[in-house]
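Take a look at the structure below. This report walks through some of its parts, one at a time.

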Amino acid sequence: MAIQVSVITPAYNTVDYLEQTIASVAAQVGVSFEHIIIDDCSTDATAQMIHDAAEQHDHIRAIFQDENQGQARARNRGLDEAQGEFVAFLDSDDLLNGTDALGRWYRAAKDGDADLAGGHYRIFLDGKPDVPAAHPVVDAPVHGQTIATLPGLVNYTSCWQFLARRAFLDDHGIRFSKRLRQREDRPFFTQALSAASRVTCVPDELVQYRVREGSTMRSVDTAQMSLFAIHLQIVNDAMRGLMARGDAQDYLAANQLYYLQNIDRYWGKLFADPSVRADSAFAAFIAACGCFDWDERATTTEQVLFKPRDARLHSGYYDALRLVLLAQMPDALVDLVQTRNLSLPHRQALYEWLAHGVSSSATTAARKTQLDRFLRRTPLPAVTKAEANGLAPVSDMPKVFLHCGQTKTGSSALQKFFELNRFALLRDHDVYYPYAGLEMGSGPRAHRTSGHAGLIGGLLNGSRAGLDQLRLEVASLTTPPQAVFLSVENILSTRFWGDGDAAAKLAKALAGLDVTLVCYMRRQDEWLESMYVESITSPGMRETASVEAFVEEQMGQGLLSYDHVAATLREAFPNAPITFRSYELSKAKAGGTVRDFLEVIGLSGCDPDAYEKPSRKARNRSTSKLAALLIRKANAVPLPRAKVLQINASIVEMTPDDLNEGKAVGFLDHQQRATIMARLKQSNEAFYGAYLPEAIHVSMAPARNVSSLEDDTALTGDALARLQALLADPVYSPAATTAAPEGKKLSLLTPELWSLVGFALHPRRLCGVLRRPMLRQQLKEAVVIARSGLFDVGYYEKAHPDAVGFPGGAVLHYVTRGVANGYDPAPGFSTSSYRLENADVASAGVNPFYHFIRWGQIEGRPAGVDEEVLEQQTELGSS
């Protein structure tokens with residue numbers, strides 16, 4: 001009978017395990033097979049065991065190498081000797097899983113007329129029960145696939161997961177590399193997958209994979225590192241062929257992300273050893289990584305590669321790792337892998353490499369954006385006590401320019417310009433934009449910042465840690481700056497201003513520094529309109545109040561009385577130069593607020609057009625008024641954050657920028673605007689007369705003739721029809737709400753609490769719970785989380801079935817058990833990432849999701865999940 005499958009087993013000093021391997025093959029039924037066992041010049045009794053087995057079994061063919069040549073050459077010898085229609089690879093310590101494993105595998109390959117047939121496996125340790133591997137590549141059998149149609153093939157990790165048609169391997173000359181004694185698996189099957197036109201995959205557990213500590217493949221040392229460098233070169237050659245084909249981009253990106261994760265987790269543990277870094281193997285490793293053709297999309301393939309809950313994937317860490325490898329900066333690589341961060345000198349060196357690289361301008365810009373993504377989410381390390389004690393006096397700091405806002409005056413474009421060109425401006429003009437105290441946005445604002453609000457918030461709360469970090473950062477620069485630019489626009493906002501005492505506190509905290517203040521002011525009616533739209537469309541704020549109520553709230557803060565603001569700043573900073581600028585006038589300039597600010601701080605010779613420009617997305621352009629009106633309607637419905645993002649994006653996409661063919665429409669109509677400006681006339685006359693007389697003709701001109709968007713008659717034609725159709729959508733129906741009754745504050749003793757979290761307690765037990773501080777706190781957290789509407793019960797129960805039927809429901813399961821285990825309460829929030837990115841939360845032991853709902857989203861802290869990836873997940877899940 002013709003041989004259907006040749007099983008190839010290389011063996012070296014595995015006498016303790018080989019007998020079980022031989023027995024598992026011999027027990028196969030329903031298929032004709034041969035078992036080719038190659039002894040690679042073992043020094044124990046392995047060869048004798050193979051000889052004896054061949055004497056006992058006709059299906060065993062024994063081959064004895066004259067010298068030890070390694071697994072790759074041994075497997076190639078087996079391939080050359082094989083006679084079966086298909087070949088399978090089985091290591092000498094592994095087993096076939098059941099007596100029909102080989103038969104089922106063969107039939108699956110024949111059914112699909114496959115070049116390759118992939119199967120799943122189980123893991124076992126000696127003396128312990130075996131367990132399934134984490135993920136089968138497919139949930140049900142599939143046939144006729146390629147790496148273009150099924151990029152998830154990247155998740156296969158070993159050659160013994162495949163049954164290969166022998167003629168296919170011979171026709172394409174596919175063999176294990178002779179350059180590798182070990183680590184030959186992935187190069188082999190990567191070449192095979194690249195060439196295959198028909199791949200079958202089954203979820204069946206066909207192999208039992210033994211994990212043993214003595215295996216050479218589990219050792220991590222410089223010898224293995226040298227092999228891995230060669231391994232990378234071979235894989236890269238195969239990848240170049242795929243790049244030329246152009247039909248397997250998702251597979252390519254995922255495969256290269258696999259290698260980035262491998263370098264980080266597997267090899268990174270060696271980098272801490274100075275002797276390893278001094279070894280030639282490390283230099284070869286760095287050179288191989290630097291020559292690898294890393295795909296620019298390597299960190300956007302979460303849906304293809306397994307392990308999607310990798311927090312570093314969302315932070316941009318692998319982008320930074322890839323760039324450090326490309327730049328061949330060994331010290332920066334060690335720094336990054338060991339600390340999950342980059343020191344300031346390494347950041348500066350990496351930006352210089354990007355600026356002078358040989359890549360195309362488009363590639364350089366893309367890489368710079370990717371590096372920015374990581375660094376802006378990764379604050380510099382905290383200053384140690386010894387470092388703080390060694391800092392030079394505050395008076396030695398360079399001149400500090402404070403950009404004091406207001407918000408909605410072009411500050412996002414200004415911040416982004418300095419952020420994108422941080423080191424270029426330092427090099428060319430000796431001005432520096434620090435990392436210390438930067439506060440990043442989240443969700444749709446993840447590409448923006450709130451300037452140095454983190455630094456200012458800390459100083460106002462009495463902490464000097466941020467200032468010490470700033471001083472250390474400036475002292476660490478290889479090029480000392482002559483000036484430092486801090487964007488503290490939020491000082492003129494309701495977040496910090498209070499009754500104006502924030503200015504005095506800030507001045508006290510910055511005592512000793514040479515400070516200059518630059519404040520951009522905008523006419524109040526236009527600012528209120530713009531800020532109201534911002535408050536509506538921000539997922540963290542979700543404004544639902546009427547524009548009239550919003551105006552009164554803002555007027556009550558005193559921030560719109562500009563003469564009062566100026567007097568308060570003058571009193572707080574009596575010796576500091578203060579410059580007030582008109583937003584309207586600066587915006588009208590060529591180059592806008594950016595050029596105007598550069599002129600103010602003495603850099604009139606700096607041409608912003610010569611530097612990288614912020615993208616349209618980063619300029620914080622206002623959402624259209626019609627979209628804002630619809631979003632305000634949607635804000636009345638409590639929804640998970642992911643749904644909010646989805647709805648807001650769909651509204652913005654389907655609403656036109658121009659509402660009524662040029663007709664001016666807004667939330668504030670002409671009469672309302674005129675009334676606002678009349679109330680502020682005396683204040684404006686005093687302020688503009690003293691500080692900005694050149695802006696009076698703009699800032700105190702009559703209000704624009706604007707119709708109210710609240711009045712349907714203000715809309716005509718298509719705009720009106722579109723609005724009416726969208727408002728009829730059930731998603732905006734108030735009946736959809738599940739929140740607690742408005743105006744009724746929940747306490748731990750009210751029935752609404754228990755209806756919210758689905759928990760019923762006997763009164764005596766309840767009293768006992770409330771006397772225990774930890775449980776009482778957990779119940780408070782449950783109330784806040786349940787009322788937020790952000791907790792996704794369906795998602796949570798699907799991910800954690802033990803939460804179904806839990807006393808108190810999924811919310812209490814999360815609060816009492818899920819947090820400790822790092823469970824995620826919704827697809828848009830990562831518990832572990834939020835802890836990683838917020839050291840204060842981790843050190844205080846606060847429930848991350850509770851913290852995010854109460855404070856984090858208001859402060860603009862990221863939810864721990866990249867929102868672009870989240871939107872992709874939402875789309876894929878719904879389809």
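## G290 and its helix

G290 lies in helix α10, which covers residues 280–291. This is a predicted model. Is G290 buried or exposed? Its relative accessible area is 12%, so G290 is buried, as the cut-off for buried is under 20%.

What does G290 touch, beyond its neighbours within four places in sequence? The contacts are L325, L326 and Q328. G290 and Q328 are 38 residues apart in sequence. In space, their C-alpha atoms are 5.4 Å apart.

## The whole chain

The protein chain has 879 residues, and buried residues make up 55% of them. There are 41 helices and 17 strands.

The chain exposes about 36600 Å². Carbon and sulfur atoms supply 52% of that area.

How many residues does the largest nonpolar core have? The number is 112. F271 and F285 are the residues with the most contacts inside this core. Helix α12, residues 317–327, gives the most to the core, with 9 residues.

Residues up to four places away in sequence are not counted here. F271 touches F285, and also M225, R277, F282, L333, V334, V337 and Q338. A second core of 66 residues is separate. Its members include I456, V515, V547 and A566.

## A parallel sheet

Next comes a sheet. In what order do its strands stand? The order is β12-β13-β11-β14-β15. These 5 strands form an open sheet, and the pairing is parallel. Strands β12 (431–432) and β15 (578–582) stand at the edges. Each has a single partner strand, so one side of each is left without a neighbour in the sheet. In general, strands of a sheet pair through backbone hydrogen bonds.

β11 pairs with strand β13 (residues 483–487) over 5 bridges, in the parallel sense. In this pairing, H403 stands opposite S487 of β13. β11 is also joined to β14 by 4 bridges, and these two strands run parallel. Here L402 has L517 in β14 as its bridge partner. Strand β14 (residues 515–521) is joined in turn to β15 by 5 bridges, again parallel. C519 stands opposite F580 in β15.

Helix α14 has 12 residues, 344–355.

Which residues of α14 are buried? They are L344, R347, Q348, L350, Y351 and L354. Seen down the axis of α14, the buried residues fall within an arc of 160°, so they line one face of the helix. An α-helix has 3.6 residues a turn, so residues three or four places apart point the same way.

## Helix α37: largely enclosed

Compare this with helix α37, residues 809–818. Why is α37 described as largely enclosed by the rest of the structure? The reason is that 7 of its 10 residues are buried. The buried residues in α37 are A810, V811, L812, H813, Y814, V815 and G818.

R471 has its place in helix α20, residues 465–476. At 12% relative accessibility, R471 counts as buried. Leaving aside its neighbours within four places in sequence, R471 is in contact with L391, A392, P393, V394, M397 and R464.

E553 lies in helix α23, which covers residues 547–555. Its relative accessible area is 46%, and E553 is partly exposed. E553 and T494 are 59 residues apart along the chain. Their C-alpha atoms are separated by 9.7 Å.

Definitions and conventions
Residues numbered from 1 in each chain as written. Predicted model: local features only at pLDDT ≥ 70, side-chain atom pairs only at ≥ 80, totals over all residues. Heavy atoms only, no water. Expected span 1.5 Å × (residues − 1). Buried < 20%, exposed > 50% of the residue type's maximum accessible area, 1.4 Å probe, protein only. Arc of directions from axis to C-beta. Core = buried A, V, L, I, M, F, W, Y, C linked by side-chain atoms within 4.5 Å. Contact = heavy atoms within 4.5 Å. Areas by Shrake-Rupley, 256 points an atom, 1.4 Å probe, with all protein chains shown as cover. Pairing = 2+ DSSP bridges.
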